[in-house]
Amino acid sequence: MNEQFKDLKIESRLAQIGSVEEPVTGAVSFPIYQSTAFRHPKLGQSTGFDYARTKSPTRKVLEEAIAQLESGDAGFACSSGMAALQTIFTLFSQGDHLIVSLDLYGGTYRLLEKIMSRFGVTATYVDTNDLDALESHYRPNTKAVVVETPTNPLMMITDLEKVCGWAKKKNLLSIVDNTLLTPFFQRPIELGADVVIHSATKYLGGHNDVLAGLIVTKGKELSEQMAFLHNSIGAVLNPQDSWLLMRGMKTLAIRMERHEYNATRMAAFLLEHPQVESVYYPGLESHPAYEIQKKQSSGNTGIFSFKMKDARFIEPILRHIRLIAFAESLGGVESLMTYPAVQTHADIPEEIRRQIGVDDRLLRYSVGIEHIDDLIADLSRAIDLAQAEIEGA
Ligand SMILES: *Cc1c(COP(=O)(O)O)cnc(C)c1O
């Protein structure tokens, strides 16, 4: 990000991503440089760009912006959130061990258990908010702590300062998946993390139209190591999607404010609903980690989960919602509802799912930026129709 903007508030920095970085034409929207090769001025010289996998102009503006927004030293744009995680996990070698959040994005669990394990990198899943549990699972070959906070779908919160502090003492890397809050609400590096990862497919992109992942690193050595892996593996983001992602990020601040408002209203509505057993949302004062969440972030995500009292409601609710789409993914302007037990978390063994509470009565709701009255009316109607069907059966 341009140096002259670095002291501005985050809303201003977001809106201005790339806007003064093109001196030749003065283009306010940074151009899409659709070139993989870059001419060398002469032998031994470079414009700073040689080959697009290593560095590419449009991607570079995005990477500098996310590094600055997350208070890190370097940013890396990848072809998906999973590509970003895979790139990060190749920091580790055969025999290394990771301590990982218990309630975890299903794809991350699958990558660790089905792929990284084949290369001898093992993981133990613990409640990362429990220092005793961390301590008891620490081994001499443990190399990092991998945290999601809040977790998806159960919205468990980890105290980042506490865990990153513990990791530092043990000489471990702290890796934080910040997908659900974005740097607008939470900046893990400021709380002690070494690496931040985003599925930028979600809130950063924000429109359910671009698949991307971002990595931010803190520290010179780690940043150089990540640059080497990013270039060597090559799961990099293309210029078109780099541009599309920046276009989405410019409105991140106002989108997140509306997502938070809508999710808070929706969670409150469901909390009072007689057919709903519980609502998992850190923005509710009843959430067990409400205070930790308030301490370490300036706002709440737009997604939450809720559990119906009766599993028979799930199928008809998903059939009767109209404005809210029954679809995987989260973080876009359009409202989406997911059934984690059979979709996003299907790769997690049933006993682990049950242990953490991802059961057949749980729905996850990514609240969009539509009008809250329309959203409440849609879900309320779907629950009523489901109830009528169950009672009529
Ligand atoms: C979606 C998601 C990912 C994976 O990202 P993709 O862009 O789908 O590859 C990783 N972590 C979290 C928390 C996610 O929600």
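Strand β8 (residues 276-280) and strand β9 run antiparallel and are joined by four bridges. Strands count as paired if DSSP finds at least two bridges between them. Helices (H or I, at least four residues) and strands (E, at least two) are DSSP runs, numbered from the N terminus. The model is predicted: local features need pLDDT of at least 70, side-chain atom pairs count only at pLDDT 80 or more, and totals for chains, interfaces and linings use all residues. Residues are numbered from 1 along each chain as its sequence is written, and side-chain values use heavy atoms, with hydrogens and water left out.

Strand β9 spans residues 303-308, and six of its six residues are buried. Buried means under 20% relative accessible area, exposed over 50%, and partly exposed in between (1.4 Å probe, protein chains only). In a regular strand the side chains alternate between the two faces of the sheet. In β9, I303, S305 and K307 point one way. F304, F306 and M308 point the other way. Residues on both sides are buried.

T338 belongs to strand β11 (residues 336-338). Its relative accessible area is 0%, so T338 counts as buried. A polar atom of the T338 side chain lies 3.1 Å from the backbone oxygen of A327. A polar contact is a pair of N or O atoms within 3.5 Å; within protein, one must be able to donate a hydrogen and the other to accept it, and residues adjacent in sequence count only if both atoms are side-chain atoms. Leaving aside neighbours within four places in sequence, T338 is in contact (heavy atoms within 4.5 Å) with A327, E328, S329, Q343, T344, L363 and R364.

Helix α6 covers residues 160-169. Its buried residues are L160, V163, C164, W166 and A167. Seen down the axis of α6, they fall within an arc of 155° and therefore line one face of the helix. The arc is that of the directions from the helix axis to the C-beta atoms. Cover for the buried residues of α6 includes β2 (97-101), α5 (131-137), β4 (142-148), β5 (173-177) and α11 (290-296). At the start of the helix, a side-chain oxygen of D159 comes within 3.3 Å of the backbone nitrogen of E161. Just after α6, N171 adopts a positive phi of about 65°.

Helix α9 (residues 239-249) has P239, S242, L245, M246, G248 and M249 buried. These residues pack against α1 (10-15), α2 (57-69), β7 (213-217) and α10 (252-271). The N-terminal end of α9 is capped by N238. A side-chain oxygen of N238 lies 3.1 Å from the backbone nitrogen of Q240.

A polar backbone atom of G81 is 2.9 Å from an oxygen atom of the ligand. A side-chain N or O atom of D177 is 2.8 Å from a ligand nitrogen. A side-chain N or O atom of K202 is 2.7 Å from a ligand oxygen. Taken alone, the ligand exposes 380 Å², of which the protein buries 93%. Accessible areas come from the Shrake-Rupley method with a 1.4 Å probe; for residues, only the protein chains shown count as cover.

Most residues other than glycine have a negative phi, and most peptide bonds are trans. A cis peptide bond joins T149 and P150, with omega about -5°. Another cis peptide bond links N152 and P153, where omega is about 15°. P150 is placed in the loop between β4 and α6, and P153 lies in the loop between β4 and α6.

S71 has a positive phi, near 60°. The residue is found in the loop between α2 and β1 (74-78). With a relative accessible area of 24%, S71 is partly exposed. N208 is not a glycine, yet has a positive phi of about 55°. N208 is found in the loop between β6 (195-199) and β7. At 33% relative accessibility, N208 counts as partly exposed.
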